[in-house]
Amino acid sequence: MSFVEENDNSLYKAILDSLFVGICIVDRRETILYWNTGASRLTGFCDGDVLGKEHGAQLIARKDLRGAPQPNGPWPLSETLADSVTRTEKLFLLHKAGHWVALQVIAQALQDETGEMIGVLETFYNIGPELTANAEVERLKQLSMKCPLLGIGNRRYGELMLHVKFEEARRVGLKLGLLYMDVDHFKQINDAHGHEAGDQVLRTLADTLAISMRAGDVLARWGGEEFVAILPDISQEQLEQFAERIRQRVAACTIPLGEHNLSVTISIGAIVAELGHSVEDALLLADSALYQCKAQGRNRVIMAEAATD
């Protein structure tokens, strides 16, 4: 007779109770037969609270990771009892103390020597730290792609979306509009009125540009006083009209600075990228058009084709 048999499986129980994961065993009627110390630690319910009771929402409430309650939906172990398939689910479980705990639950069929289903082994793990870390990573990712002054995407975001939108346009065979915009005489504004006034000019401009975008368009601060807008599925004529409308809206803005109002203008280089254009090609052409705007007196729109004639 083995040591384990002599000690009536007490060694097995001691090992299971030493684990940090929760372990629950139910029979075919979903009656809880075993509940280890790890399960008590994770849920707040001791074995005296659950042993002999039916597993399910009536015993312990749960909701999915989006926060939607699941009062009537089957637990993974209920489905595993029906078809013997191992299942994994991430969910929130209501701790006995009243707060929600994030868990990953795995349900595995238990069979006897003949292969007949006799119950289900359910193990659950605390994934709260994982969710917190993922949320923090996502928060930092969003922050890393947003201009903190203006609340719109920064250059990193703009570069990413350029490649995404170019690939989408190439896949479906659509043209893609690109606007390269620059505030006229911005250095003079900073020198004459201070950097705080310059920041206010940029905020007003960003707000004006943002409300002018169509659904599906992308706006980003490219750097300093430069902005880029990406406009999917647009013709040459439509893009030129769109850019001119933006130019006029910006010119019509008045920015209060103490007792005075300040007006600004922008120059816009524009291009409708064809399927053969790369992101770099389109940016270079739009930048060249913007340079011509500056050379011709600013406060105007020039299409890249006119710039390359």
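In which helix do K187 and D191 both lie, and how many residues apart are they? Both belong to helix α8 (residues 186–193), where they sit four residues apart, about one turn of the helix. Helices here (H or I, at least four residues) and strands (E, at least two) are DSSP runs, numbered from the N terminus.

The model is predicted, so local features need pLDDT of at least 70 and side-chain atom pairs count only at pLDDT 80 or more, while totals for chains, interfaces and linings use all residues. Residues are numbered from 1 along each chain as its sequence is written, and side-chain values use heavy atoms, with hydrogens and water left out.

**Salt bridges**

K187 and D191 form a salt bridge, a term for a side-chain nitrogen of Lys or Arg within 4 Å of a carboxyl oxygen of Asp or Glu. The whole structure holds 13 salt bridges.

R155 is partly exposed at 39%, and E159 is partly exposed at 35%. K187 is exposed at 60%, as is D191 at 56%.

Elsewhere, E79, D83 and R87 are linked in a network of salt bridges.

**Nonpolar cores**

In soluble globular proteins, nonpolar side chains tend to be buried together. A nonpolar core is a set of buried Ala, Val, Leu, Ile, Met, Phe, Trp, Tyr and Cys residues joined through side-chain atoms within 4.5 Å. The largest such core in this model has 35 residues, and L179, M181, F227 and I246 have the most contacts inside it. Among the elements that each supply at least two of its residues are β7 (176–183), α8, α9 (195–212) and α10 (236–252). Helix α9 gives the most, with six residues.

Leaving aside neighbours within four places in sequence, I246 is in contact (heavy atoms within 4.5 Å) with L179, M181, L209, S212, M213, I266 and I268. A second, separate core has 22 residues, including W222, I230, V279 and A282.

Technical notes
Buried means under 20% relative accessible area, exposed over 50%, partly exposed in between (1.4 Å probe, protein chains only).
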